Amino acid sequence: MDVGSPKRGKIHKGKSVADEGTAMSEQAINDRQWENLPTNCLVDIFQKLSLHDLTLGVPFVCKSWYEASLDPSCWKILDFRTIDPRPGSEFTEKFKHEYRLDKYQFRGFLNFLIRRSCKLAILLIHPPSQRIPINDLVYILKECPKLDIYNPPLSVKNPGLMRKFILTVHETILRRASYEFM
């Protein structure tokens with residue numbers, strides 16, 4: 001046997017066993033495609049994606065990815081560090097384009113997130129560089145009863161503290177406004 005020549009299997013009907021194995025494995029690889037993954041596997045992957053990817057990427061790949069992205073567990077953590085939700089930003093312009101919207105309002109975007117999470121969102125990560133009006137924060141807190149707000153780099157060791165603080169401040173503002181009208 002020549003040391004430099006590749007080893008081949010037995011020949012059956014013009015093909016070697018090695019060639020048949022290679023053809024079968026290539027067929028198996030071609031049959032395994034991302035869109036054919038079970039939905040629960042896709043959901044597990046999508047839970048780890050950024051809000052940007054989850055809103056502007058995943059739903060537009062294929063039907064199975066879109067359907068998996070509708071699972072509320074993909075929307076439990078709303079991390080605003082990867083997006084700029086202010087009107088006119090690059091993110092909002094792409095969002096308007098992809099969802100075929102004539103106009104964009106932050107409250108509408110919050111409604112989108114609330115619907116996708118089925119009101120089960122548990123954490124909104126709010127970077128200090130962004131200003132979200134207190135009325136919008138109160139709105140999403142009331143719509144998602146288990147939602148808490150984390151504002152990095154401030155580390156809050158008491159879960160629910162930001163939620164309680166925002167709701168208390170809002171109630172104080174409302175009471176003060178009602179006293180002014182009396």
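User: Is Cys 144 buried or exposed?

Analyst: In this predicted model, Cys 144 is buried, with a relative accessible area of 0%.

User: Where in the chain is Cys 144 placed?

Analyst: Cys 144 is in the loop between helix 7 and strand 5, the latter covering residues 148-150. The C-alpha atom of Cys 144 is separated by 4.6 Å from that of Lys 119, although these residues are 25 apart along the chain.

User: Which cysteine sulfur is closest to that of Cys 144, and how many disulfides are there?

Analyst: The closest cysteine sulfur belongs to Cys 118, at 9.8 Å. A disulfide requires the sulfur atoms to be within 2.5 Å, so the sulfur of Cys 118 is too far for a bond with Cys 144. The count for the model comes to 0 disulfides.

User: Let us step back to the chain. How many helices and strands does it have?

Analyst: The chain has 8 helices and 5 strands. From the N terminus on, the order is β-β-α-α-α-α-β-α-α-β-α-β-α. Of the 182 residues in the chain, 32% are buried.

User: Now the aromatics. How many aromatic pairs are found?

Analyst: The search of the whole structure finds 14 aromatic pairs. One of them joins Phe 95 and Tyr 104, whose ring centres are 6.2 Å apart with the planes at 80 degrees.

User: Why is that pair called edge-to-face?

Analyst: Planes over 60 degrees apart count as edge-to-face, and the planes of Phe 95 and Tyr 104 are at 80 degrees, so the pair falls in that class. Phe 95 is buried at 4% relative accessible area, and Tyr 104 is buried at 11%.

User: Which pair does Phe 95 form with Phe 112?

Analyst: Phe 95 and Phe 112 form an edge-to-face pair, 5.2 Å centre to centre and with 80 degrees between the planes. Phe 95 lies in helix 5 (residues 90-98) and Phe 112 in helix 6 (residues 106-117), so this pair ties together parts that are 17 residues apart in sequence. Phe 112 is buried, with a relative accessible area of 8%.

User: Which residues form the aromatic cluster?

Analyst: The cluster is formed by Phe 60, Trp 75, Phe 80, Phe 91, Phe 95, Tyr 99, Tyr 104, Phe 106, Phe 109 and Phe 112.

User: Which ring does the charged end of Arg 107 sit over?

Analyst: The charged end of Arg 107 sits over the ring of Tyr 139, at 4.1 Å from the ring centre.

User: Last topic, the pockets. How much space lies in the largest pocket?

Analyst: The largest pocket holds about 220 Å³ of space. Its lining includes His 126, Arg 131, Leu 137, Asn 151, Met 162 and Phe 165.

User: How do the lining residues divide into nonpolar, polar and charged?

Analyst: The lining of the largest pocket has 8 nonpolar, 3 polar and 1 charged residue.

How values were computed. Residues are numbered from 1 along each chain as its sequence is written. This is a predicted model: local features need pLDDT of at least 70, side-chain atom pairs count only at pLDDT 80 or more; totals for chains, interfaces and linings use all residues. Side-chain values use heavy atoms; hydrogens and water are left out. Rings of Phe, Tyr and Trp (its six-membered ring) pair if their centres lie within 6.5 Å; planes under 30 degrees apart count as stacked, over 60 as edge-to-face and the rest as tilted. Buried means under 20% relative accessible area, exposed over 50%, partly exposed in between (1.4 Å probe, protein chains only). Helices (H or I, at least four residues) and strands (E, at least two) are DSSP runs, numbered from the N terminus. A charge sits over a ring if NZ of Lys or CZ of Arg is within 6 Å of the ring centre and within 35 degrees of the ring normal. On a 1 Å grid over the protein atoms alone, a cavity is a set of points where a 1.4 Å probe fits but cannot get out, and a pocket is an open set with protein on both sides within 12 Å along at least five of seven lines; lining residues have an atom within 4 Å of a point. Grid points are joined across faces, edges and corners, and a volume is the space filled by probe spheres set on the points. Ala, Val, Leu, Ile, Met, Phe, Trp, Tyr, Cys and Pro count as nonpolar, Asp, Glu, Lys and Arg as charged, and the others, Gly among them, as polar.
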